[in-house]
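Here are my notes on this model, as numbered points. Please read them with the structure open.

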Amino acid sequence: MSKNVNIDWSNLGFNYIKTDFRYVSRWKDGKWDEGKLTEDNKLSISEASTALHYGQQCFEGLKAYRRKDGEIQLFRPDQNARRLNDSCKRILMPEIPVEKFIDACIQVVKANEAYVPPHGTGATLYLRPFVIGVGDNVGVKPAPEYIFCVFCVPVGPYFKGGMTPVNFNVSEYDRAAPYGTGAAKVGGNYAASLYPHELATKKGFADCIYLDPATHTKIEEVGAANFFGITKDNKFITPKSPSILPSITKYSLLYIAENYLKMEVEERDVLIDNLDEFKEAGACGTAAVITPIGGIEYKNKLHVFHSETEVGPVTKKLYDTLYGIQFGDVDAPEGWIVEVK
Ligand SMILES: Cc1ncc(COP(=O)(O)O)c(C=O)c1O
C-alpha cells in the first residue's frame, strides 16, 4: 500500500470521509473534456445552476473490492455507466461514454488505493459518480454546461456481526410518479423519500416500503433497495415496474439464483396483500448487498417471513454467492469483474 491511512477498517460505517483524489470532467460546447484528478473536494458552480434549482442531476453508486491476493476489482461498472446514461437521457443531460466512466472509476480507485479496505474485513471502497447541470441559467431548461465527478469513501459492512433481519413498514407516500422518474437515479426521488424514511425510522422500522404509485397494491422499492421474495416452492421473485430503479444487485441475484442455485426466477407483480406466498424476503442493493427482511408492517399488522432474528437459508446462499463473486472468492460470470490495474 502506498500510504498508511490509519483507519479502523472493522468499525467503518457508511459516512463521508475525505479521501485524497476525485475525478472531475466538464462538458461545454457539446463535448466532455479529458477530465482529471484533483485533491480539492469542493466544487465552485454558478448560483443559477440547474442542479440547484430544477434537480437536473443524477448519480450512481458502486464499490471496489479487495481480493484475497491483494488485487482490487470493480463489480459490473459497465452496468452503472449504462444506468447513469439512462438517467442522463431522462433529464436531458449529456451521456458519458462507458469507457470514460470506467476509466474515471479506475483512476479514482488507483489514486486512493490506500483507502481500499483489506480483504476479510467486509469493508469496501464506495464510488459515487454524479453528473450535475451547471452554468448561468434561470428559466426551466437544460443547463448550458455539466460536471461529471467521481469521488470515493471507504465504507463498512452493512451487517455488523452477521446478517440480522430488519423490519419495514409500508409508506403512504410515493417516491416517484407513474411514468415519472422512478427508474432514473435522480436526486428528486431521494428528496421525496426523506420524509417517509424519517416517519418509518421514528416508529422503529429500518425504512419503508413503497407501493406502486398508481394503485398502491404492489411492492416496488424497499427504501433505497429492491425487493425480492422466495416463494414456498423456492422461486426467486422480484417486482417488475417502470417506476422501480433497475438495481444491478437485483439483476445479478436473478442470474445467480437461476444459474448458480438452479432456482426458478420471475420478475412480476408482488401484491402487498399476498405476502403469505413468501417464506423468505430481502432487500438488495450495492450498499446493503442483501438485507434479510424480518417482517413488513401493513395496515397495523406485522407480517413476519422466515424470522425476525435469523436469516433464512436461501437468502444466506444468495448472499454468500454474491459476496463471494464481488470479493473474488467465487468465480464470476463472464464480464462481471473489472480489475483495477
Ligand atoms: C431507489 C433504489 N433502489 C434500488 C437500489 C439498488 O440498486 P443497485 O443494486 O444498483 O445498487 C438503489 C441503490 O442504488 C436505489 O437507490
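1. Start with the contacts of K185. Beyond its neighbours within four places in sequence, K185 is in contact with C58, F59, E60, G61, R83, S87, Y190 and L245. Bear in mind that this is a predicted model.

2. K185 sits in the loop between β9 (166-170) and α4 (187-202). Its relative accessibility is 10%, so K185 counts as buried; the cut-off for buried is under 20%.

3. The UniProt record, an unreviewed entry, places "modified residue: N6-(pyridoxal phosphate)lysine" at K185.

4. Now the ligand. It is surrounded by 15 residues, and the closest are K185, Y190, S247, T249 and T286. An N or O atom in the K185 side chain is 2.7 Å from a ligand oxygen atom. For Y190, a polar side-chain atom lies 2.4 Å from an oxygen atom of the ligand. E221 has a polar side-chain atom 2.7 Å from a ligand nitrogen atom. The ligand taken alone exposes 390 Å², and the protein buries 95% of that.

5. The largest nonpolar core has 41 residues; F101, V109, L127, V131 and F148 touch the most other members. Elements that each supply at least two of its residues include β1 (22-28), α2 (77-90), β7 (124-134) and β8 (145-155). The most comes from α3, with 8 residues.

6. F148 deserves a look. Leaving out residues up to four places away in sequence, F148 touches Y23, V24, S25, W32, L84, I96, F101, A104, P129, F130 and V131. A second, separate core has 21 residues, among them F228, I230, L253 and I325.

Definitions and conventions
Residues numbered from 1 in each chain as written. Predicted model: local features only at pLDDT ≥ 70, side-chain atom pairs only at ≥ 80, totals over all residues. Heavy atoms only, no water. UniProt positions renumbered as here; feature names shortened; annotations may be inferred. Helix = DSSP H or I, 4+ residues; strand = E, 2+ residues; numbered from the N terminus. Buried < 20%, exposed > 50% of the residue type's maximum accessible area, 1.4 Å probe, protein only. Contact = heavy atoms within 4.5 Å. Core = buried A, V, L, I, M, F, W, Y, C linked by side-chain atoms within 4.5 Å. Near = heavy atom within 4 Å. Polar contact = N/O pair within 3.5 Å; in protein donor to acceptor, adjacent residues only side chain to side chain. Areas by Shrake-Rupley, 256 points an atom, 1.4 Å probe, with all protein chains shown as cover.
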